[in-house]
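Please read the numbered points with the sequence and the model at hand.

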Amino acid sequence: MSENKITFGLEKVHIAFLTDETTPTWDTPIHIPGAVSFTPEPQGDENKFYADNGPYFVYTTNNGYSAELSVALIPNTVIAEMLGWEIDSNGMLVETTDGEQKEFALMGQVLGDKNNLRFVYYRCKAARPGKGFSTRSESIEPNPDNLSITIMPIEINGKKVVKGQIEPNETNQVAYDGFFDAVLVPSAGGVD
């Protein structure tokens, strides 16, 4: 159980490209500086069966999340790999219509009043980023990159999982400290 009373502030956003969905394994996480916001919205249905004049059985499906990620600027090398685009010999990012999207894990940290919370969404797929441009006026208004992301379940150690989150405590400091070195998967033994 969390010792935090509140959480605030997104930072340390990383992505790690999925290399094998069967095992599963991911590449080394890549830091994406300039995190602005991340808003996951749960996807799934709630089904109610009524008996004895009220809800008798309720079942909720977990189909992952739809999310929006806003960052100052996604590096061209990352967006090219993520969406199957190309960087040509001039260094120009070229959007192609037949690029194959790559799935990835999305990781980050949210500050807490007691402990910082680190999170990972294991199987994400991004759509083309939206970005508006406007003229400069008396003040400079940044134009962040906005990614629409579909977050899906993935099978790890025989269970369908969507995300994980960790706060430091006396038994998990090593896992917490190495969180951004590699994608941390749930232990095979489950909860103690």
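**Notes on a hairpin, a helix and the salt bridges**

1. The hairpin of strand 5 and strand 6 has 2 residues between its strands, and Asp 52 adopts a positive phi near 50 degrees there. The model is a predicted one, and the points below should be read accordingly.

2. Strand 5 (residues 46-51) and strand 6 (residues 54-60) run antiparallel and are joined by 6 bridges. Within this pairing, Lys 48 stands opposite Val 58 of strand 6.

3. Helix 1 covers residues 76-83, and its buried residues include Val 78, Ile 79, Ala 80, Met 82 and Leu 83. Just after helix 1, Gly 84 has a positive phi of about 75 degrees. In general, an α-helix has 3.6 residues a turn, so residues three or four places apart point the same way.

4. Which residue forms a salt bridge with Glu 81? The partner is Lys 102, and the closest N and O atoms are 2.7 Å apart. This pair links distant parts of the chain, since Glu 81 belongs to helix 1 while Lys 102 lies in the loop between strand 9 (93-94) and strand 10 (104-112), 21 residues apart. Glu 81 is partly exposed, at a relative accessible area of 29%. Lys 102, at 31% relative accessibility, likewise counts as partly exposed.

5. A further salt bridge connects Glu 103 with Arg 123, the closest N and O atoms being 2.8 Å apart. Glu 103 is in the loop between strand 9 and strand 10, whereas Arg 123 is in strand 11 (residues 117-126), so the pair ties together parts that are 20 residues apart in sequence. Both Glu 103 and Arg 123 are buried. Salt bridges with shared partners join Glu 21, Glu 103 and Arg 123 into one network.

6. How many salt bridges does a search of the whole structure find? The search finds 5.

Technical notes
Residues are numbered from 1 along each chain as its sequence is written. This is a predicted model: local features need pLDDT of at least 70, side-chain atom pairs count only at pLDDT 80 or more; totals for chains, interfaces and linings use all residues. Side-chain values use heavy atoms; hydrogens and water are left out. Buried means under 20% relative accessible area, exposed over 50%, partly exposed in between (1.4 Å probe, protein chains only). Helices (H or I, at least four residues) and strands (E, at least two) are DSSP runs, numbered from the N terminus. A salt bridge is a side-chain nitrogen of Lys or Arg within 4 Å of a carboxyl oxygen of Asp or Glu. Two strands pair if DSSP finds at least two bridges between them.
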